[in-house]
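Thanks for coming. Please have a look at it first.

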Amino acid sequence: MTIIRKKTGNFLEDFRVGQVFRHKRGKTITAGLFNAFSEFTMTTNPLSKNARYARAYGFRDLVVPAGLVMNVAFSQTVEDISENARANLEYIGMRFGACVSIGDTIEVETTILGVKPSSKDLDRGVVHVRSTGRNQDGAVVIRFERKVQVWKNDPAARVDDGEAAGTAVDCSLELPAYDERRDYRSLAHLSAADGYFEDLNPGETIEHSRGRTITTEHIALTAQLDNTSQVHCNQFLIDQNPTKYIGGRLIVYGGIAFNVFLGLSSPDVGENSLGDVEYKTGRHSGPVFAGDTLFATTEIRGKRAYPSRPDLGIVDTILRGFKPAKKGDDWERVEVFYLERAIALKRRTHYT
Amino acid sequence: MTIIRKKTGNFLEDFRVGQVFRHKRGKTITAGLFNAFSEFTMTTNPLSKNARYARAYGFRDLVVPAGLVMNVAFSQTVEDISENARANLEYIGMRFGACVSIGDTIEVETTILGVKPSSKDLDRGVVHVRSTGRNQDGAVVIRFERKVQVWKNDPAARVDDGEAAGTAVDCSLELPAYDERRDYRSLAHLSAADGYFEDLNPGETIEHSRGRTITTEHIALTAQLDNTSQVHCNQFLIDQNPTKYIGGRLIVYGGIAFNVFLGLSSPDVGENSLGDVEYKTGRHSGPVFAGDTLFATTEIRGKRAYPSRPDLGIVDTILRGFKPAKKGDDWERVEVFYLERAIALKRRTHYT
Amino acid sequence: MTIIRKKTGNFLEDFRVGQVFRHKRGKTITAGLFNAFSEFTMTTNPLSKNARYARAYGFRDLVVPAGLVMNVAFSQTVEDISENARANLEYIGMRFGACVSIGDTIEVETTILGVKPSSKDLDRGVVHVRSTGRNQDGAVVIRFERKVQVWKNDPAARVDDGEAAGTAVDCSLELPAYDERRDYRSLAHLSAADGYFEDLNPGETIEHSRGRTITTEHIALTAQLDNTSQVHCNQFLIDQNPTKYIGGRLIVYGGIAFNVFLGLSSPDVGENSLGDVEYKTGRHSGPVFAGDTLFATTEIRGKRAYPSRPDLGIVDTILRGFKPAKKGDDWERVEVFYLERAIALKRRTHYT
């Protein structure tokens, strides 16, 4: 009897600068996935809650929120890019394009922009990639770069050290036009009265009032996203070598925490949004485990016009995610997430 | 840097008799939400299980059960009415109207019927409200009153003490007509042989045979309903001040327990029902926590004709929910839920 | 007051050889159920992930995987056949027929093929049944036999000891024809490059690389399948008499473990499959509990032509499921599942 153990995923020495991965499977966003994700985070934007409202705004159907689009696209890249990662270091320039509705299918490809062995640890290094997600009609729905710290399989193996920017496809938020004949005002009671462009002031930080405790549900949610990384769902792997793994426990997949923080911020900065424009940079600064309660704040950094859309403005924010941790007899707030986030917000003048 | 902490929800002194809230967001019942809720309770009515059956009866598609309609409507009122509640005291006169199918959107408004400060506790009082839920075509799908005990923000604040009945909109169960040309009999094997109008006898109490253990799943389910009350999902809030909260633990949202008890009763009294007509009064008489196993009984109180529908009858029942609790070395049965429930049941003469 | 406690399910003495049960309810496979099940197991076949891909292959929509078809059909038989079972002993000759898509309704009937009291234990015996599941158009989608050890209600009751083969309906995998005009090759990057018919060699055993930890989610999943057996969801029942129940804990419904093992094997043997042809025999050789991490292997036993389909071949395999168990300071691998499984695999020559 021959025993076959297949290699899963790539190691640092397997990547080549300029290499393109067309990821397997793709994923159709069913009403089931939509429910599990858009709601488990308490997202409050009626575009993702109320089909009557979404259609009245000119969308085809309920709008799949940015956090779910990101998760569906990101997860498709895990097997090829980060199944053997030690840590996801940074999200860079994540931009959203065509609107995604229930029933749409997202397929993703990734270009290797750079490979860099660690100067001090022989067993690891950093891969820099750009991923692009398209829908079933070929329209770009998301584009992002990320840097990942990846293990080497053989510490002595040669690494294709290098960097090449490559050419990114265009990716800008596509929104239904503002149409004077639509009766937006008759729908205004369905979203918060105070989360418009005019209401947010640079220099202010909003402490979002709600928290959310994460349970072992994170395991099933990670599987529903097709994220195959074992550190999120294989307790036996952890138990055999607990000191190797952060906290000696199953770690919550970063995309799930990402999604929860977006949801916690939603009543204050997302409810009158037509979409997220860009996440310039972002990172997970600490681990999240089952049992943690998550909180978020949004710092308003600046405001600017939305090109060719007098009904909208762009608000530049920093979304921070926290969890409380015991320090002696007290609790302290530990930052676990940081995201520079530009949001397309409705102007009160045009919608109320 | 200015720190903004927004007030969430209203306190006793914020309510005015006669005031109307048009609640935010609304909610489309997706196939995902339907699956999570109609099935997690083991509902057994084929109208909510089998689309072929539902269509053969003249319904448009799978029927959203009363418990989910109630939960979707109720949860929309939480932020405005009961986010700062100490307890939901009573459901009153909950009636169902137009049939709800997957894809329908429910939006809710609430009128304040009464505000009454507590005579002995300065920091709280009772708000009496009537809520009405409509679908995307404006048809009423549910109407109910409830009384909620709400905290005051400032114990010294003046309260708009008073009561005014207001005018309730009409709300009666809308059902497909009985049609001799439909072959109901060929479908009769798909529901219980013994749960027809003729089978239920006043004076009898049915001990429903199944139980269901609640897990931490309740947190995600509550979020899927958009219920924003923090006592169901924010463990940190509880940990900081456990004596303030019942049991010192996250409490299961009452609507979830409500839904489970309806489900447990389904094989005996709900499987040959065309719908629930009215919940005259109801209350949660004890808390439910993760780990509890729930049971239910139905007491048959009376039977009457269904106006203009010789194929149907109305059975007046009391649905009681229980959980076992340790008392010394023994278990005792603690009542945690009480609901006066009128059910529209098929007559065996017309359907078998 | 009269207290009514209804009998639920049948006992050994209730079954008659030749008896036919047309099971209650039926079940429509909603997008919600599809999401919960096809994804929680990390199924990787793009036919069940990517609607663009499934349609390009000639399927109507996303394909409901065999494991979910099996679970939906099997669960419908539980109340009549195995609600009072001690153990499900064996699956026999499970075959798949018409393709099942989201929105299809499955209804099931079961014939009693044999009843056999135990020769040494007076309180139990074995029932041998054949179940057939059909869709809303009457097409057979699944057919299987199983042997179940069932309790007697009255150890002294007479049993209808006997066996009669009966006549099984035809059930063979129905697949879209291979069509030269379809551009299968442009889709080849969406599935594994190495799981084709040509890649699997008799004599090899593949150790599937991933594991999956089961949580209390199993309770809700079992309810979503309408499996009414109390040993999966009623903790109070167990607590009152823990020595009666295996492990003294809620046991994970076998169909859920079955589904997970199929999912774990998917990247290596299921990703380039057009369907499962037959499960000749199968059994649960050990219990699974919340907290267990599951693993799987596939032994390749033989290969053969697929009648009239030069683009396909059939691979005969044995799928084994394992969980690690502590033995002193070490872990040992305990087999908990065994399935003889014939898979219809694409030939590389025709699809890449």
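**Where chain C meets chain A**

Between chain C and chain A the count is seven salt bridges, a salt bridge being a side-chain nitrogen of Lys or Arg within 4 Å of a carboxyl oxygen of Asp or Glu. One of them joins the side chains of C:Arg210 and A:Glu79, at 3.4 Å from N to O.

Some housekeeping before I go on. This is a predicted model, where local features need pLDDT of at least 70 and side-chain atom pairs count only at pLDDT 80 or more, while totals for chains, interfaces and linings use all residues. Residues are numbered from 1 along each chain as its sequence is written, chains are lettered from A and ligands numbered from 1 in the order in which they are written, and side-chain values use heavy atoms, with hydrogens and water left out.

Back to the interface. The contact, meaning heavy atoms within 4.5 Å, takes 40 residues from chain C and 39 residues from chain A. About 3400 Å² is buried between the two chains, and carbon and sulfur atoms give 53% of that; buried area is the accessible area, with a 1.4 Å probe, that two parts lose on being put together, summed over both. On the chain C side, C:Lys49, C:His189 and C:Arg210 lose the most area to chain A, together 17% of what that side buries. Two strands pair if DSSP finds at least two bridges between them, and strands here are DSSP runs of E, at least two residues, while helices are runs of H or I, at least four, both numbered from the N terminus. Within this pairing, A:Ile3 has C:Thr205 in β9(C) as its bridge partner.

Now the symmetry. Chain C superposes on chain B by a rotation of 120 degrees with 0.0 Å of shift along its axis, at an RMSD of 0.0 Å. That is the relation of a three-fold axis. In chain C, the C-alpha nearest the axis belongs to C:Gly32, 2.2 Å from it. The superposition is by least squares on the C-alpha atoms of residues with pLDDT of at least 70 in both copies.

Last, a sheet inside chain B. Strand β4(B), residues 85–96, pairs antiparallel with β11(B), residues 273–284, over four bridges. On the other pairing, eight bridges join β11(B) to β14(B), residues 330–346, again antiparallel. B:Glu278 of β11(B) stands opposite B:Arg95, and its bridge partner in β14(B) is B:Ala342.
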